Amino acid sequence: MLTRVALAVIWLLRLLPLAVLAPLGRALGLLGYALVGERRRVTLTNLGLCFPHWSETQRRRIARRHFQAVGRAVLEHGILWWSSRERVQRVVRIEGIEHWRGVAGRRPVILLAPHFVGLDMGGIRLGSEYRVVSVYSRQKNPTFDAALYSGRTRFVMPELFSRQQGVRPVVRAMRKGLPFYYLPDMDFGDRDSIFVPFFGVRAATITGLSRIARLAGAIVVPAVTRQLPGAAGYVLTFYPAWRDFPSDDVERDTRRMNAFIEERVLEMPEQYFWLHKRFKTRPPGEARFY
C-alpha cells in the first residue's frame, strides 16, 4: 500500500516544473538523511573507507548532498516513467555521442554505465531513441518492480534480461547490433567476482566487463550520467572508446574499470551511489564493515 501511495505522489509531482520539483527532491533527501539511520550509516561508512583523509565534517557534508541528490532523482523519476518523450529528452541531454557512433556497426559495443544517481535518467533517455540491451535485478516489491520495468521499456522496447539468465542472451543481442548498457560496479557477492581496489579498499568486483568484451569481441564506451546543479536536469556523457581492452589479464581489466569510476567519483563525489553496501563482501577472515 505504501509503495502505491509513493508512486502515486511521484506520478502527480511530475506535472511540476523542474524549478519546483528539484528543491522538493532535495528537501526529501534531507528528510531521508535525518530519518533513515541505517542508510546514513552505510553512506558514512563508505565515505570513511574511501576518503579517510577527509574530515568528519567534510564526509557528513557530502553524505547530506548525496541524500539530496538521491531525493531529487527519486521525484524526477516521475518524468522518466510518465512524462512525454519530448520532456524526457529536454531534461536529459546527450554529449559526446560521436564516441559511440564512431565505433557502432564495426563491432559490438558495451556502454559502461556506473552507478551514479542519474543512471536511470541516462538509460531511459537512451531508450527514448535507441534500442539497447540491458540486465536488471528483479525487485522484491512487485508493484515497484512493475513500475521500474514499465519505465525502462516504454519508448523503444529494449532487449531486457534478468541477471539470472546469464550473459549468453546478452551476447547474442549485442551481435545483432544492440549496444549493451552495462552496470557492473556494485557488490553482487563473490560469484564471478575478484577483489580489486576501489579507492584503496579491496572490493568484490564482477569481472563481467572484461569477460563479455572478450566473448562478444566488443568495444567499451563509457556512458556516465551527471545530475546538473539547481534544476538544470541531467547530461549523459559518452567517453572515448577504450583502447587495448580487454587485455590478457582479467584482474588488470577490472582494476582499469574501477580506476575510471574513481576518476568520475572525484568529479562529483556526492552523486556516486554511496547508499549501497559496496564493501559488503569481504575476503576470507576479514571483518565486516557494516
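## Proline 283

In this predicted model, proline 283 has a relative accessible area of 7%, and is therefore buried. The residue belongs to the segment that follows α11 (250-267). Beyond the residues up to four places away in sequence, proline 283 touches Phe195 and Arg202. Phenylalanine 195 is 88 residues from proline 283 along the chain, yet their C-alpha atoms are separated by 7.6 Å.

## Leucine 16

Leucine 16 sits in the loop that joins α1 and α2. Its relative accessible area is 26%, so leucine 16 is partly exposed. With neighbours within four places in sequence left aside, leucine 16 is in contact with Leu24 and Arg87. Arginine 154 is 138 residues from leucine 16 along the chain, and 21 Å separates the C-alpha atoms of the two.

## Aspartate 185

The loop between β5 (180-182) and β6 (193-198) holds aspartate 185. This residue is buried but has no salt bridge. The nearest side chain of opposite charge belongs to arginine 278 and is 5.9 Å away, whereas a salt bridge needs a side-chain nitrogen of Lys or Arg within 4 Å of a carboxyl oxygen of Asp or Glu.

What aspartate 185 does have is polar contacts between side chains. One is with the side chain of histidine 115, at 2.7 Å. Another, also given as 2.7 Å, joins aspartate 185 to the side chain of tyrosine 272.

## Helix α9

Helix α9 covers residues 168-175, and its buried residues are Pro169, Val170, Val171, Ala173 and Met174. Just after α9 comes glycine 177, which has a positive phi of about 105°.

## Salt bridges

The count of salt bridges comes to 20. One of them joins the side chains of glutamate 56 and arginine 60, at 3.0 Å from N to O. The two residues are four apart in helix α4, so about one helical turn separates them. Glutamate 56 is partly exposed, at 41% relative accessibility, and arginine 60 is partly exposed too, at 33%.

Glutamate 129 and arginine 125 also meet through their side chains in a salt bridge, with an N to O distance of 2.6 Å. Here glutamate 129 counts as partly exposed at 38% relative accessibility, whereas arginine 125 is buried, with a relative accessible area of 8%.

A further salt bridge is formed by arginine 226 and glutamate 267, whose closest N and O atoms are 3.5 Å apart. Arginine 226 is in strand β8 (residues 219-227) and glutamate 267 is in helix α11, so this pair ties together parts of the chain that lie 41 residues apart in sequence. Arginine 226 has 28% relative accessibility and counts as partly exposed; glutamate 267 is likewise partly exposed, with a relative accessible area of 40%. Both belong to a network of salt bridges that links Arg226, Glu263, Arg264 and Glu267.

## Largest pocket

The volume of the largest pocket is about 1,900 Å³. Its lining has 43 residues, and those closest to the centre of the pocket are Val74, Gln139, Phe144, Phe273 and Leu275. Two or more lining residues come from each of α1 (2-13), α2 (18-35), α4 (56-82), α7 (119-127), β3 (133-136) and α8 (142-152). Helix α4 gives the largest share of this lining, eight residues.

## Cavities

Three cavities of 30 Å³ or more are found in a search of the whole structure. The largest cavity has a volume of about 230 Å³. Of its 17 lining residues, Gly123, Ile124, Ser134, Arg152 and Tyr181 are the closest to its centre.

The elements that give two or more residues to the lining of the largest cavity are α7 and β3. Helix α7 gives the most, with six residues. Both α7 and β3 are also listed among the elements that give two or more residues to the lining of the largest pocket.

Note on methods. Residues numbered from 1 in each chain as written. Predicted model: local features only at pLDDT ≥ 70, side-chain atom pairs only at ≥ 80, totals over all residues. Heavy atoms only, no water. Buried < 20%, exposed > 50% of the residue type's maximum accessible area, 1.4 Å probe, protein only. Lys, Arg positive; Asp, Glu negative; His and termini not counted. Polar contact = N/O pair within 3.5 Å; in protein donor to acceptor, adjacent residues only side chain to side chain. 1 Å grid on protein atoms, 1.4 Å probe; cavity = no way out; pocket = protein on both sides within 12 Å on 5 of 7 lines; lining within 4 Å. Points joined across faces, edges and corners; volume = space filled by probe spheres on them. Contact = heavy atoms within 4.5 Å.
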